[in-house]
Amino acid sequence: MAVVTDKKTDDLRIIYDSDDEDGGEDIGTTFTTLDIIRMLAGLIIAWCVVSRSFTNHWFYIPGQNSVKKASKVSPEIPTYWSTQELPVSFTLEQLSQYTGQGESGRILLSVKGHVFDVTEGESFYGKWGAYRKFAGTDCSNLFGYHMWDVSALGRKCNHDLSGLSEQEMSRVNSWLEYFKGKYPEVGYLEEDQ
Ligand code: HEM
């Protein structure tokens, strides 16, 4: 490999020599400054797409902007709950009736005992949703995993957070804030569940 300057254009060129096995002339691969700029721009755009898909940030910087943030506007309580006194107290058994398949059609999930009505997110938590295992239960332990740790979704749901590290706890808390910002909180999970 050699880095040379093109005398005519002042372009920086990186030249990779290919192995010349049959004694023929070497044909080098050259990258101009423009090529390098293009590659960097491509990488930045690809990172923006990945960031935007997994978070609400256009340019996610690990450690700086943790999980995606929801809107600051308080989520509206659906009319379904207007006849009930809020917050509603749920046992795990009662919560399990709210997976979208029950009589009410509502989907609830609990994070750290805070019960949210996530029916609006049916595409995530409904029958065919990628996160349907969170519906009708409290999977707080799974929110301690990194977003990119897909194995988390195959693990057992649990609301016991006693074994979590400080960092895992902070992830769970970030998710709790996320749900508070996006979905109406309609109740709480009874203690000693
Ligand atoms: C490689 C694995 C994963 C992929 C590809 C993935 C992908 C996604 C995508 C594309 C969204 C939608 C973002 C949006 O609409 O703004 C999302 C949201 C979400 N993800 Fe993941 N995710 C992964 C892992 C996880 C893990 C491990 C958890 C938790 C244990 C998780 C929990 C969630 C939750 C709770 C939401 C928000 C849904 C909502 O807004 O109601 N994800 N994920």
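Colleague: How much accessible surface does the chain have, and what share of that surface belongs to carbon and sulfur atoms?

Modeller: In this predicted model, the accessible surface of the chain comes to about 12900 Å², and carbon and sulfur atoms account for 54% of that surface. Of the 193 residues in the chain, 31% are buried.

Colleague: Which elements make up the chain, and in what order do they run from the N terminus?

Modeller: The chain holds 4 helices and 7 strands, and from the N terminus on they follow the order β-β-β-α-β-α-β-β-α-α-β.

Colleague: Are the faces of strand 5 covered or open, and which residues lie on each side?

Modeller: Both faces are covered, with L108 and S110 on one side, L109 and V111 on the other, and all four of these residues buried.

Colleague: Why does S110 count as buried?

Modeller: The cut-off for a buried residue is under 20% relative accessible area, and S110 counts as buried because its relative accessibility is 1%. Beyond the residues up to four places away in sequence, S110 touches L95, V115, T137, D138, C139, S140 and L189. The side chain of S110 also reaches the backbone nitrogen of G113, at 3.4 Å.

Colleague: What should I look for in backbone angles, and which residue in the turn of the hairpin has a positive phi?

Modeller: The general idea is that most residues other than glycine have a negative phi, and that most peptide bonds are trans. Here K112, in the loop between strand 5 and strand 6, has a positive phi of about 50 degrees although it is not a glycine. K112 is partly exposed, with a relative accessible area of 33%.

Colleague: Where is a cis peptide bond found?

Modeller: A cis peptide bond joins L86 and P87, with omega at about 0 degrees. P87 itself is found in the loop between helix 1 and strand 4 (88-90).

Colleague: Turning to the ligand, how many residues surround it, and which are the closest?

Modeller: The ligand is surrounded by 20 residues, of which Y125, Y131, M147, Y178 and Y183 are the closest. By class, this shell has 15 nonpolar, 2 polar and 3 charged residues.

Colleague: At what distance does an oxygen atom of the ligand lie from an N or O atom in the side chain of Y178?

Modeller: For Y178 the distance between an oxygen atom of the ligand and a side-chain N or O atom is 2.4 Å. The corresponding distance is 2.5 Å for the side chain of Y125, and for the side chain of K182 it is 2.7 Å. The elements that give two or more residues to the shell are helix 1 (33-54), helix 3 (122-125) and helix 4 (166-182).

Colleague: Which element gives the largest share of the shell around the ligand?

Modeller: Helix 4 gives the largest share, with 4 residues.

Key: Residues are numbered from 1 along each chain as its sequence is written. This is a predicted model: local features need pLDDT of at least 70, side-chain atom pairs count only at pLDDT 80 or more; totals for chains, interfaces and linings use all residues. Side-chain values use heavy atoms; hydrogens and water are left out. A residue is near a molecule or strand if one of its heavy atoms lies within 4 Å of it. A polar contact is a pair of N or O atoms within 3.5 Å; within protein, one must be able to donate a hydrogen and the other to accept it, and residues adjacent in sequence count only if both atoms are side-chain atoms. Ala, Val, Leu, Ile, Met, Phe, Trp, Tyr, Cys and Pro count as nonpolar, Asp, Glu, Lys and Arg as charged, and the others, Gly among them, as polar. Buried means under 20% relative accessible area, exposed over 50%, partly exposed in between (1.4 Å probe, protein chains only). Accessible areas come from the Shrake-Rupley method with a 1.4 Å probe; for residues, only the protein chains shown count as cover. Contact means heavy atoms within 4.5 Å.
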